Structure formats: structure tokens, C-alpha cells
Amino acid sequence: MKIAVCVKQVPEGNSRIDPETKRLDRSGEGALNAFDANAVEEALRLKDATGEGEVVLVSMGPPKAQDALRKALAMGADRAVLVTDEAAAGSDLVATSYTLAKALEREGADVILFGQQAGDSDGAVLWAAVADRLRLPVVSQAAEITQADGKLTVKRQTEFGYDVIEAPLPAVVAVSDAINEPRYPSLKGIMGAKSKAQATLSLSDLGVEGDRAGEQGSRTEVYGLNDPPARSESKKIEDNGNAAQAILDFLAEKRLV
Amino acid sequence: MSTLVFLEHHGHELLKGSLGVLSKAAAFADADVAGVVIGSKVRALADQAGKFGAPKLYVADDARLEAPLPQPRVDVLAQLVRDKGIDTVLFGNSVLAADVAAGLAARLDAGLNWDLADLVQQDGKLVGKRPALQDSVYVDVGWKSEPRIALFRSGSFDPVAAGGSAQVEDVAVALEDFSTSARMVDQAHEESEGPSIEDAPVIVAGGRGLGGPENFTLVEELAKALGGAVGATRAVVDAGWYPYSTQVGQTGKTVSPKLYIACGISGAIQHKVGMQSSGVIVAINKDTNAPIFEFSDLGVVGDVHEVVPRLTELVRARKAS
Ligand SMILES: Cc1cc2nc3c(=O)[nH]c(=O)nc-3n(C[C@H](O)[C@H](O)[C@H](O)COP(=O)(O)OP(=O)(O)OC[C@H]3O[C@@H](n4cnc5c(N)ncnc54)[C@H](O)[C@@H]3O)c2cc1C
Ligand SMILES: Nc1ncnc2c1ncn2[C@@H]1O[C@H](COP(=O)(O)O)[C@@H](O)[C@H]1O
């Protein structure tokens, strides 16, 4: 079974928006989007369950996203494809889903997995757009996936309880962060990752026309940044053994105990 | 502005989130608003739609639309937007609505702005207010083309029952093959047992930072000492550590106790929307960068296994004295 996993590199630590470009500042250190580790883990699990196949990472981002991809390769993914192109910077949902779908089309995977959300955008929407472009069934928020007889059975949570949804392959599935416990890369995995294939594709390699990517290809725009509504004062303390007492005093002051 | 509001329903009722968005849309000065309900045997929802601000209601009624799956709904909406010349499509966030909105954006190559807390008209333009980066910044966002698609954060608007009635127009349903290939095989609607956490004056909530289901006794003990109830995050509910009925957040309950104590919870947006209106928020998390600290009145950087049992003891001692 061939499984493609869409993974993203996100800025490490606290992110900021560049007031000039009004884009997320991606100049600092990057990391593998933590939610995507669950998708990689699930891909490895599905591959192991069938006993054969391949796990391919598909990502779109700046060249240094290779580092984040290497982490997922160290977990056990077989190879990676990074779409990287100056002209793709600033892509919104419409543009990103178009480019990613083009990259995924080339792979022709049986299952395409997504993480629950990108930690920098908190979108939790991309998979549905990509699935529509690929004309494939989609199931989101998967808390459990089983596969048999050319179809996936997915258990997932909604506002009203649990759904069980069946989808024939090929299918797109976005996993919840509770679906599994992502493995830590072993030393062997980390060493092995260095020799795994990490291909780079430009937009023209994918046949993505310039006006379908980046800001040109985007249908949304950012006008400006504002401060959030003012909040009442908040305190933050480190526990040096007396935090419990500090909480109690605070609650007493607020007449909550 | 010709606006379409996606009206989601469950158990013969339109959802409060959808009705809030409908009321918001109806309040725009030049509003030309219609609602749309998509499902099976849903025509009866017209009364409710009219009452909350839809003078017009499109109804797509078909047995194939019974299960709340997103892709057939994209087919219906795409057709409606094209046929009726709709320029703005609004959604209240939900698991279903997010997937429908994003699918529709791709289908129509339309801009989608998500997680909006508000929508205003500014200099003749529609501007969305989008809290970003753990709500540390509010971004003004817009659309470069039509139709514009917006997905609103849960609880952004209260429904306003202005009275009125909706003129119903049935829409024909043509579905794509791939849209109907996923199938709902079971829906387990969990009834909550025990007292509802929605009425509890104090909630002590536990997240994945507790480390395992057995450690939920820590939050249970503290909740008991404070005379409160126990809440949980989706991560621990999905992992089977605690019952679904205690889940706080976008897909769980919205609570506003006098006191909310978050133990080992990161404070993701989807959790925040369910508890941000609590009176006082105290958070205990060992990661000093955890988003939960951005909206806590008192944040404690520490280990729940140390802090929580000690706090329980102190509360008990105080009550005993
Ligand atoms: C469509 C959608 C709907 C969702 N609906 C909901 C919802 O209704 N409710 C909800 O809660 N979530 C929901 N989520 C999930 C949400 O995005 C988060 O993934 C989830 O809230 C995380 O749960 P958590 O805080 O328990 O786990 P984590 O994010 O893993 O956080 C655990 C925290 O514990 C801390 N920690 C670890 N060990 C310790 C220790 N010993 N002492 C102290 N702190 C420690 C860590 O620093 C970390 O911050 C939804 C997501 C999506 C995409
Ligand atoms: N640039 C990207 N490249 C590859 N996958 C991505 C990218 N952005 C988002 N994803 C995937 O889409 C999921 C949801 O992202 P979002 O809808 O942006 O929150 C992530 O968890 C990733 O699996």
C-alpha cells in the first residue's frame, strides 16, 4: 500500500507575523508540525499492517523545510518530496491546495494522510480542499483507522458523538492528534534518514501556472494587523514548591474557596 | 451583497452556531440573505430559518443527503452559488462545516477565510476579523474575488429571533460520484450521564499532560475538594481516558464556570472556544510557552503531578478549618 503524508514545517516556538509583508515570519528555526507526526505514525502503522508499500512525505515550503522532512524520514518514512519555489510564497488555501494536489497526483497513493491542523495557521481545512481537487473521498478528525478489502473504516468525533465512516481507496484522511503516540526516531532511523531520497520540485516541474500559486493564485488577502482586545491582568509564576499555596491564596483573594 | 448561510441541523433543530451566523448576516444594511438546508426530510426547518432572519430558504432534500457528510453538500452549494449568483457564503464552524467550506473553496476557486470572530463592512469592503497566533494578534482579512467564503469561530454570534418567515425554494440535487463514495456506517450519539458540566460552578479539567487515564484521580480529587466537576480535552477523550460527555471545546461543551482550572492542557484554539468565558482561569502546565498561559488569570509553570495533589490538600485543609 502506498501512503502519501502531507506534512508541513512550522516556525519553532512563538511565531510572529511580519508587519511588512503581513505574512508569517518564517525566518527562524523550523520544526515538523507536531500534529503531522501523528499522520506519519499512522502511515507507518498502515504500511506495517499490509506488510508492504511505501510512505512518501509531500510538503510545500521553503528549502529549509528539508530539515523537518528529515525528522519524519527518521521516524521511518521512505522518501520525501518538497515543493519549493519563490513564487509559491504567500499561497492561501486555494493556491496551496492546487499545488499540493498537483504533487499528490504524480504520486498516485492509495491513502493520503493529513495532520489535524498546522500549528501556525490552525486551519484544519486543507484536506477537504485537496480532496475536492483530486476528486477523492475525504474523512477528517480520524481517531481510529482500520483497513481491509480496499477500503478504510474511520472512527471520528463530531459535536454529537462518534461517527464511523467507510471510504473506498484511494482516499484522503486527516487524523486527530489522539489517534496514536508518534514514535521517537531511533538513532538508526536518524542515521538512515540521511541517505533517503529528498526530491525538490518547482512549480514548473508540477505544471502549476504562475497565476495559480503564491499571492497571485490566492483569493484572500490581509489588510492589516491589530492588537487583540485588552485582557485583564494575568500572573504567571514558576513552581518552586510553593505554587499550590500561591494558587490557594489567589483563589481566596477572588473568593473562590 | 447576495449572501448564503449554510444552516446545519441535528435532530430536527438548526444549530445555534448556524443561527447566530444567519442573524449576523441578516443585520447587514444591504443584506440579501438566504439560508440553505441540506439533508433528508428537512423542509420543516423553514420555520426556524425564517424566525432567525432568512427571508428565503433553499432546501436540498434527498435521501442521499441524510448522513452529515461534507462532499455531497459541496456539490449542492457549488451549484447553488453558480445558479443564483451568490457572492458570499457563510458558515458557523463545526466538523462538518469546515470540510464543506474548504471543499467549496477548492471547487469554486474561491477565497476562504476561517476562524473569523467577526465580519464588518469597511470602506465598501467586507472585512473579516481573524484572531491569529494564539489570538495574540487580530488580523483584518478580505477577499480578492467572489464568491467569498467565511467560516466563523464557534460562538461568535448569538442568534436573534426577529420573527419572520422564509419562502422555500427547492433545489435539484446532482451529486458527483466521488462525493458519494464515503459512507456513514454508524453514528453513536453519546448521551451524557451524571450531572452536566455546563452548570458546574467550578471545573477542573485534565489534558494529555496528566500522562495517563489513571492520573485523572488527581483532577477528580481537586474537583471534589472545590465542589466542582471534571472536564477533559478532546485529546484525552479520543484516547479513551475520559468520557465524551466531559469534553470541553469546539466539538464538546461550552462552559462558563466561575473557576476553570486547566491541568496539563496546552490550550489549543478548539479547546479555548469552549472555556474562554469562564470567570477565572488557572492553568498548570510544565511548558512555559503553552498557549493556555495567554488567556489564564493565573498561570503556573509546573508539574501537575506535584502541584495538583498539593493544592487539593491545601483546599481540604482550608475547608476543614
Ligand atoms: C475540528 C477540531 C475540533 C476539536 N475540538 C476540540 C474540543 O472540542 N476540545 C478540545 O479540547 N480539543 C479539540 N480539538 C483538539 C485541539 O486542537 C487539541 O489538539 C487538544 O485540545 C489538545 O489536548 P491537550 O491539551 O490535552 O493535549 P496536548 O496539546 O498534547 O497538551 C498537553 C499539555 O500538557 C503539558 N504537560 C505535559 N506533561 C505535563 C506535566 N507533567 N505537568 C504539567 N503539564 C504537562 C504539555 O506541556 C502540553 O502543553 C479539536 C481539533 C480540531 C481540529
Ligand atoms: N505547506 C504544506 N505542505 C504540506 N502539507 C501541509 C501544508 N500545510 C498544511 N499541510 C497539511 O494540512 C494539515 C492541515 O493544515 P491546515 O489546514 O493549514 O491547518 C497539516 O496538518 C498538514 O498535514
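This is a predicted model: local features need pLDDT of at least 70, side-chain atom pairs count only at pLDDT 80 or more; totals for chains, interfaces and linings use all residues.
Is N113(B) buried or exposed?

View 1. N113(B), which belongs to strand β7 (residues 111-116) of chain B, is buried because its relative accessible area is 7%, under the 20% limit that the term requires. The side chain of N113(B) reaches the backbone oxygen of G142(B) at 3.1 Å. Neighbours within four places in sequence being left aside, the residues in contact with N113(B) are V141(B), G142(B), W143(B), I149(B), A150(B) and L151(B), together with T220(A) from the other chain.

**View 2. The largest nonpolar core, with 70 residues.** Among the residues with the most contacts inside this core are I112(A), L4(B), L77(B) and F91(B), and helix α4 (residues 95-108) of chain B contributes its largest share, 10 residues. L4(B) touches, among others, A34(B), V36(B), Y58(B), L77(B), L80(B) and I86(B), where residues up to four places away in sequence are not counted.

**View 3. The interface of chain B and chain A.** Here 90 residues of chain B are in contact with 81 residues of chain A, and the area buried between the chains is about 7,400 Å², of which carbon and sulfur atoms give 56%. The interface holds six salt bridges, and E166(A) forms a salt bridge with R183(B) in which the closest N and O atoms are 2.9 Å apart. Of the side of chain B that touches chain A, the largest share, eight residues, comes from α4(B), and the residues of that side comprise 46 nonpolar, 22 polar and 22 charged.

**View 4. The salt bridge of R23(A) and E215(A).** The closest N and O atoms of this pair are 2.9 Å apart, and the two residues, R23(A) in the loop between β2 (9-11) and β3 (30-32) of chain A and E215(A) in helix α7 (residues 214-217), link parts of the chain 192 residues apart. R23(A) is partly exposed, with a relative accessible area of 32%, and E215(A) also counts as partly exposed, at 42%.

**View 5. The salt bridge of D135(B) and R153(B).** The side chains of D135(B) and R153(B) meet at 3.0 Å, N to O. D135(B) lies in the loop between β9 (125-132) and β10 (137-143) and R153(B) in the loop between β11 (148-152) and β12 (167-170) of chain B, so the pair ties together parts 18 residues apart in sequence. D135(B) counts as buried at 10% relative accessibility, and R153(B) is buried at 7%. Through shared partners, salt bridges join D115(B), R130(B), D135(B), R153(B) and K272(B) into one network.

Definitions and conventions:
Residues are numbered from 1 along each chain as its sequence is written. Chains are lettered from A and ligands numbered from 1 in the order in which they are written. Side-chain values use heavy atoms; hydrogens and water are left out. A nonpolar core is a set of buried Ala, Val, Leu, Ile, Met, Phe, Trp, Tyr and Cys residues joined through side-chain atoms within 4.5 Å. Buried means under 20% relative accessible area, exposed over 50%, partly exposed in between (1.4 Å probe, protein chains only). Helices (H or I, at least four residues) and strands (E, at least two) are DSSP runs, numbered from the N terminus. Contact means heavy atoms within 4.5 Å. Buried area is the accessible area (1.4 Å probe) that two parts lose on being put together, summed over both. A salt bridge is a side-chain nitrogen of Lys or Arg within 4 Å of a carboxyl oxygen of Asp or Glu. Ala, Val, Leu, Ile, Met, Phe, Trp, Tyr, Cys and Pro count as nonpolar, Asp, Glu, Lys and Arg as charged, and the others, Gly among them, as polar. A polar contact is a pair of N or O atoms within 3.5 Å; within protein, one must be able to donate a hydrogen and the other to accept it, and residues adjacent in sequence count only if both atoms are side-chain atoms.
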